[in-house]
Amino acid sequence: MDDRPIALRVNANRLRGRFDALAAIGATGNGGVHRPALGAEHLRARRWFLDEARAVGLRTSVDGAGNHSATLPCGPANAPTLLLGSHLDSVRNGGRFDGALGVLAALETLQVVKEADLALKTNLEAIDFTDEEGTHLGFLGSLAFTGAITATDLHHPGGDPHAFQEALANAGLTEKSILGAQRDPSTIAGYLELHIEQGNRLNTSSHDIAVVTSVVGLRRQKITYIGRADHAGTISMNDRRDAGQGAAALIISSRRLVMAEFPDSVVNTGVTRFLPGAMNVVPERAQLTLEFRAPRLRDLKQLGAALKDLAHAEARERELAVEIEEVDGIQPVQMDARVQAAVAAAAERLGLRQKQMTSGAGHDAQVMAKICPAGMIFVPSVDGFSHSAREFTKWEDCMNGANVLLQAAVVGI
Ligand SMILES: [Zn+2]
């Protein structure tokens, strides 16, 4: 093929200038940003994005779900569109890299291709999805884009329903417009997202970049140990049947189990409750939740079964009864093999040290994967900090990620 696209690189100074300008919108003064979805600062960031795109001659549009896009018709007539994107919203007092890097690298990619006047296999679109972080309804933009959202979903947002209605009105969105925002999948060639890892694995490895292979799935088990309430002063240590001991033992042993036998998975207990909940009464009931995540459905099932066995074993050892309730779950999503290969080839051409990695956090790519080939590129997060002002990625790593996105886009998937 023509060698010209292979030699293209993003303009680091221009990208840096935009990064700093965007980070000033909703800046918290300590290096972070506060841009909850559809709030004033978020809407300002979105207007700024469209202004930047227009200023360099890109077409811009906003769909019925508020997704903001810049497009470049660089493919043949009726060619499908390769989407490059992420999100401009943040969690409350979040970091300036999460989402922002991916949107800006997408915009930069379109500008570089436009300036080089390249003809590609696909058209390009830089997209900023609405409410990725779930301030109101997580993945609202990508769910609407893929036709996976219903009126019922909109009536049951994760946050306050009144605040959601007010935010929609402020942004000029309605239930009808959101439900009508679905795009025809036959017009979409794929979706590729550059993002910071938000964990410490890439940072502590000897690699520059990661090809994301999947987004983890999640399950929860609500566990209740049942013993006997007794006077905490009069019953001897030998005679008590303390439900709290079962919960405590399981918290420790579930961690050991995952570390020893499920190295790609994680488990967490973030909620416990002892009943009757008095300092001088031996706990009769102890409730805890095990929340566990794994990259493949098979691992998720095996880990779930192993945790159940463990919960029963801890109960037997302490002569407790145990009840286990499976709560809800999210299926793991595999990233498309061709997109992974395109990202890997781009990183290879750029001479970067790359590894494969599963994403421990949710992203719009997992939603997009239902309608088109989807993939992600991760760059290292220093010390793994994210969703805080301490979030940081070295500029060199940001540039590596942006160049991989550009290279994957110009060669195509
Ligand atoms: Zn993000």
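Predicted model: local features only at pLDDT ≥ 70, side-chain atom pairs only at ≥ 80, totals over all residues.

Author: Helix α2 covers residues 12-23 and helix α13 covers residues 395-411. Their axes are 11 Å apart, and the angle between the helices is about 110°. Angles of 65 to 115 degrees count as roughly perpendicular, so α2 and α13 are roughly perpendicular to each other.

Next, the residues that meet. On the side of α2 they are Ala 12, Leu 15, Arg 16 and Phe 19, and on the side of α13 they are Trp 395, Met 399 and Ala 402. Sorted by class, this contact between α2 and α13 holds 6 nonpolar residues and 1 charged residue, with no polar ones.

Helix α2 also packs against helix α3, which covers residues 40-55. Here the angle is about 155° and the axes are 10 Å apart. An angle over 145 degrees counts as roughly antiparallel, so α2 and α3 are roughly antiparallel to each other. The crossing of α2 past α3 is right-handed. From α2, the residues Arg 18, Ala 21 and Leu 22 meet Ala 45, Trp 48 and Glu 52 of α3. By class, the α2 contact with α3 has 4 nonpolar and 2 charged residues, and no polar ones.

Now back to helix α13, which also contains Cys 398. Is Cys 398 buried or exposed? Its relative accessibility is 0%. Under 20% counts as buried, so Cys 398 is buried. Setting aside neighbours within four places in sequence, Cys 398 is in contact with Phe 97, Leu 101, Leu 194 and Thr 393. Pro 380 is 18 residues from Cys 398 along the chain, and the C-alpha atoms of these two residues are separated by 8.6 Å.

For another buried residue, turn to a strand. Asn 123 belongs to strand β4, residues 123-128, and it counts as buried because its relative accessibility is 14%. A polar atom of the Asn 123 side chain lies 2.8 Å from the backbone nitrogen of Gly 75. The backbone oxygen of Ala 79 is 3.2 Å from a polar atom of that side chain. Apart from neighbours within four places in sequence, the residues in contact with Asn 123 include Leu 72, Pro 73, Cys 74, Pro 80, Thr 81 and Leu 82.

Note on methods:
Residues numbered from 1 in each chain as written. Heavy atoms only, no water. Helix = DSSP H or I, 4+ residues; strand = E, 2+ residues; numbered from the N terminus. Buried < 20%, exposed > 50% of the residue type's maximum accessible area, 1.4 Å probe, protein only. Polar contact = N/O pair within 3.5 Å; in protein donor to acceptor, adjacent residues only side chain to side chain. Contact = heavy atoms within 4.5 Å. Axes fitted to C-alpha atoms, helices over the stretch in contact; angles between N-to-C directions. Parallel < 35°, antiparallel > 145°, perpendicular 65-115°, else oblique. Nonpolar A, V, L, I, M, F, W, Y, C, P; charged D, E, K, R; others polar. Left-handed = near helix turned anticlockwise from the far one by under 90°.
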